[in-house]
Amino acid sequence: MPLTDTRLRALKPKDKPYKVTDERGLYVEVTPTGGKLWRFRYRIGGAQKKLCIGSYPEISLKQARDVAYEARRAVASGGDPAFEKRKRKIRAEFLSAQTFEAVAREYIEQMMVQNGRADGTIVKANYFLEKLVPAIGNRPINEIEPFEVLAPLKRLEATGKHETAKKCRSFAGRVFRYGVATTRCKSDPTSMLKGALVTPRATHYAAILEPTELGGLLRAIDDFTGYMVTKLALQIAPHVFVRPGELRHAEWHEIDLVDGVWKIPAGKMKARRAHAVPLSKQVRAYLTDLAEMLGREGYVFPSARSSKRPMSENTLNAAFRRMGYSKEEVTAHGLRATASTFLNESGLWNPDAIERALAHGDSNVVRGIYHRGKHWDERVRMAQWWSDYLDELRTGGKVIMGKFAKG
């Protein structure tokens, strides 16, 4: 006889568990403590199996019958309801341990550290994670909703850190997409936040764009009285116009003073493509002085505190401030803009050769490879011309006339 709520409520415990059947494999098991547990019995391949549904009255008679109905359908189509339930439970337990912080740290290690991303990039990723951890670090990554991510971003905005908020959102999005790819979550909630943050106003690195002012800067560098390694880095930087991070992470094994070339591996480049820098005779002379001081092992520009680490990312800009230049006048990164402007306005060099020298990415990879080969000889000549021109400006000699020159 099928069960009813009246019969269910009337069931009393006994010394041992006993079963009361409903219909088509569904029954309730009454425990000695008075519990009433729904069970569904079925067979697969001749073997009897049992699906635990829940307890009465938390699971009503109707709900238990609905679960049993779905289980019968699953068995009919070749499924195993109890096995699927165990899988869901295991996955739920697994996902509850997959917090945003745990997945983010795995992402940094697996996708950044082991892929050879630049040290500065990894440091920034950990910085962004620190900003997000208080709000969502301990939350299971599959349960996080857009508003939870937006809250810490808005707090950053409130302090005027618009660019940091934007980059934190981007970092969080990469972590969520990694979570999707590794089955820890189903979607990226940050995709819903596009347009929710203030767009930071574009800023440009301060750069000197007048020949006489550039000559004054070069003379000020020669008069710098700080740490000698810093002085040599300042002297070399205007000649090679690489990014500051690429310069300070230079290692001696990358540099060939005989052939005059510095080969920067892809892992240290912003575009993740290997880059070669032709070295003028002036740069080679500076590097030779540096090698005689420190030897030719490890970092070319080591930290003053430890030869095992490169100089700090703030070292060159701090030196400019000591020399009396404000951040609105000159920055280490701005030296690239200085070189680009002067070289382009001289009218002497192919713009593509200048772009290759600056290691600006080419959206067409095949074209980029072609240009790297085609313009190498021109880049070698350009590097020497540029160093000679800087020497002219530094000594107060004749200014080479270009479109940028006044009168």
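The lining of the largest cavity consists of His239, Val240, Phe241, His275, Val277, Pro278, Ala357, Arg379, Met382 and Ala383. A cavity is a set of points, on a 1 Å grid over the protein atoms alone, where a 1.4 Å probe fits but cannot get out; lining residues have an atom within 4 Å of a point. This is a predicted model, where local features need pLDDT of at least 70, side-chain atom pairs count only at pLDDT 80 or more, and totals for chains, interfaces and linings use all residues. Residues are numbered from 1 along each chain as its sequence is written, and side-chain values use heavy atoms, without hydrogens and water.

**Exercise 1.** State which elements each supply at least two residues of this cavity's lining.

*Solution.* Take the volume: about 80 Å³. Next, assign elements, which are DSSP runs (helices H or I, at least four residues; strands E, at least two). H9, strand E7 (275-278) and helix H16 (376-394) each supply at least two lining residues. Finally, sort by class: 7 nonpolar, 2 polar and 1 charged.

**Exercise 2.** Find the helix that gives the most to the lining of the second largest pocket.

*Solution.* A pocket is an open set with protein on both sides within 12 Å along at least five of seven lines. This one holds about 280 Å³. Its lining has 15 residues; Ser303, Ala304, Arg305, Ser312 and Thr315 lie nearest the centre. Helix H12 (residues 315-322) gives the most, with 3 residues.

**Exercise 3.** Classify Met228 by accessibility.

*Solution.* Locate Met228: helix H9 (residues 228-240). Its relative accessibility is 37%. Partly exposed lies between buried (under 20%) and exposed (over 50%), with a 1.4 Å probe and protein chains only. Met228 is therefore partly exposed.

Key
Points joined across faces, edges and corners; volume = space filled by probe spheres on them. Nonpolar A, V, L, I, M, F, W, Y, C, P; charged D, E, K, R; others polar.
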